[in-house]
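Hi,

Here's the structure I promised to pass on. Have a look, and my notes on its core and pockets follow below.

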Amino acid sequence: TGFGTFDVAAIGPDGASVGPAWGPVFHPSSSWTRPGREWGTTFVFTQPGCWRIRARHDGVSGDVWLLVES
């Protein structure tokens, strides 16, 4: 929810930030009925390890952590 720029990046195990390979793209409709707006993004993880996905929108941010295995 909100307005303004939606920004998302992946931070790798080495601390380097990687932008999305595709997106973010706003989805004006969805079959996933939850409050707020939905965005689509694709990342290519360049190495195994613990990755953090950080999203920011309208002054709010959140993180998701993923374990990428080779």
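The largest nonpolar core is made of 7 residues: F6, V8, A10, F43, W51, I53 and V68. By nonpolar core I mean buried Ala, Val, Leu, Ile, Met, Phe, Trp, Tyr and Cys residues joined through side-chain atoms within 4.5 Å, with buried being under 20% relative accessible area (1.4 Å probe, protein chains only). β1 (6-11) and β5 (49-57) each bring at least two residues to this core, and β1 gives the most, with 3. Strands here are DSSP runs of E, at least two residues, numbered from the N terminus.

One caveat: this is a predicted model, where local features need pLDDT of at least 70, side-chain atom pairs count only at pLDDT 80 or more, and totals for chains, interfaces and linings use all residues. Residues are numbered from 1 along each chain as its sequence is written, and side-chain values use heavy atoms, without hydrogens and water.

Now the pockets (open sets of points on a 1 Å grid over the protein atoms alone, where a 1.4 Å probe fits, with protein on both sides within 12 Å along at least five of seven lines; lining residues have an atom within 4 Å of a point). The largest pocket holds about 360 Å³ of space. It has 17 lining residues, and W32, G36, R37, E38 and W39 are the closest to its centre. β4 (38-42) gives the most to that lining, with 4 residues.

The second largest pocket holds about 230 Å³. Among its 16 lining residues, F6, A55, R56, H57 and G62 lie nearest the centre.

Cheers

Terms used
Buried means under 20% relative accessible area, exposed over 50%, partly exposed in between (1.4 Å probe, protein chains only). Grid points are joined across faces, edges and corners, and a volume is the space filled by probe spheres set on the points.
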